[in-house]
Amino acid sequence: MNKSFLEHFIFGINQNLYKNSSNGIVLLQDTLAQTCKYLLHNFIYNRDYYYTIICVDSLPLYWNKSIERAKYTCIEENNLNTLQELLDNIKDNIKRNKKENALIKNVIIIDSINSLIRKYGYNVLNFIKQINEINKDEIQTILIYHQDYPIKTSDDINIKAVLANMSTTNILVEHTKKYFQNQGWLQDMDMDIIERNSISDGICSILHEKESGKMLREEMAYSIKIENNKPILSVIPIIDLMKKYIPNYQTLLEDKKPSKKVDPTKNLTFNLNLTEEEKQTKDQLELPYLNVQENDNTVGSGEIYFDPELDDEFDDDDPDADLDF
Amino acid sequence: MYAPIDNVLPNQNGKSILIADTIFADAAFLVNHFLSKSIKNKDGNVILISFTSNYTQYESIQKKMGNNLKLYKDTEKLNFIDANLISTEKNNISLDALYTRIKNILGETSFESTTLILDDITHLVYIEYPMNEILDFEYKCRNICKKYNCDLVVKIHKDVCETSDADSISINHKQLLNYLINSYEYIIEINELESGYTDDIQGQLSFARGVSCTQYDFNPRLYHYKINENPAFSKFYAKGLIEGTI
């Protein structure tokens, strides 16, 4: 479990396993039932980077309360008129960071990408690429995407799919009960409105493209402890939450175990099996043209035995005699 | 009168509260409750922006709650702004002008705590006010309330559109609703009873944690309620409990 990507994402450990995860684009998704912000706060607490937070939905004062000790700047998108102005502000911020803090790594957080696209349309996709291009090795972009917030495009393009393709890492944060309901494990217990944004636990589904191009899939849970009025996450296996929420979780685990080897001849409309009698008859059958039964020394000899039929014209002459080499 | 629900939300100033109701479970009683609470607070004042109701409606309900709004009208204590005629046409009130007025009032107030109430923001979607301007206005109000440590209470309907509706009003309504739910600290939802109808209970009232809530000792709660004409006789019950029965 200590090799889990989620632990690496939250705590920054196992850098060797996930070399390319500290650059590129992260699509951090959440739903109305469960916010991704607690995960993001922990990412920020555990990494000494410089953060530029683009506040489209959230207020700078919210980040002041949540990540007070981190080194960051908030840019209020509301105060700017174009994406170019926003990009220029981000570049100025990065330059200032190098000068004042000398922190190598910069992380740009956009909260939220839904609202930015709603306002500026497809130009935002180019804008994201331009941010990344400022310095590919030293910049990571985290896009907060709300799954339940519809983005209507004029030609019905699936914006989420486009963003997912642009991203190296896709993380979906779900409410534990909703996750179990989607799996069909918790059908009788509906999630109550008051259970929204749980500060107890949650489940993450991760898709990460490794440096080699191989895709890593992971589903991992986290539990939260409140310390000094801050939500502190620890990564746990999903089974721990199954024990907590699903009374008959053991039955579910039994159902999930791989069953005995499947018999391919079962449930067919025709018979593929042989009875003992049929097997004996088959073994006794003398096959024409096959001398294996008579002569055991012929294995690997490569000789061809030709028995001409009565009607065959057998010619002893060399068929290649007329070739002139 | 509404003592059981008064203690659910933290007492400190600077909260953002979203009230989401339905056609069959109206939250007008909650808006009036927050209005009454602010009026009764001697250190506080209120800016009430009404997009749908007129002043006399609030006046008559507040009278039953023990508040004489006539004493406060056009004073610093109660700033009532009738935004029923809001539109993008010239010579009508625009959201920009409304925001400027709010900013001026907050800048000049001598009260310690102010409550800004927007009742009901869905109206802007119905009149097809440009979405970007609605969101811009809402963000600026939320921002300025945070800066001046004021409470912001916004009411929205949540059941106008079906999920499959493809017209622009339904899409904008859903966008606005989800945007607000993703931005506020406390979400109060009023719903009909899950399990049918009864004379003793009108609906249920949920207090949930919003995305931007940083008070981790806040306990989400669910109540069943019955509102009486005389608010003193309104009742709130924890779910499953009703006087005399379990």
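Let me start with one pair of residues: the side chains of A:K230 and A:E68 form a salt bridge, with 3.2 Å from N to O. Please keep in mind that this is a predicted model.

Where does this pair belong in the overall arrangement? The domain assignment divides chain A into domain 1, residues 24–167, and domain 2, residues 174–255. Between domain 1 of chain A and domain 2 of chain A, the count of salt bridges is one. The count of residue pairs in polar contact between these two domains, both residues at pLDDT 80 or more, is seven.

I turn next to the side of domain 1 of chain A that touches domain 2 of chain A. Helix 2 (37–46) and helix 3 (60–66) of chain A each contribute at least two residues to that side. Helix 2 of chain A provides the largest share, namely five residues.

Now to the extent of the interface. The contact draws 12 residues from domain 1 of chain A and 16 residues from domain 2 of chain A. Together the two domains bury about 1,200 Å², of which 56% lies on carbon and sulfur atoms.

Which three residues supply more of the area that domain 1 of chain A buries against domain 2 of chain A than any other three? They are A:A33, A:Q34 and A:Y38, which supply 47% of that area.

Conventions:
Residues are numbered from 1 along each chain as its sequence is written. Chains are lettered from A and ligands numbered from 1 in the order in which they are written. This is a predicted model: local features need pLDDT of at least 70, side-chain atom pairs count only at pLDDT 80 or more; totals for chains, interfaces and linings use all residues. Side-chain values use heavy atoms; hydrogens and water are left out. Domain bounds come from an automatic or database domain assignment. Contact means heavy atoms within 4.5 Å. Buried area is the accessible area (1.4 Å probe) that two parts lose on being put together, summed over both. A salt bridge is a side-chain nitrogen of Lys or Arg within 4 Å of a carboxyl oxygen of Asp or Glu. A polar contact is a pair of N or O atoms within 3.5 Å; within protein, one must be able to donate a hydrogen and the other to accept it, and residues adjacent in sequence count only if both atoms are side-chain atoms. Helices (H or I, at least four residues) and strands (E, at least two) are DSSP runs, numbered from the N terminus.
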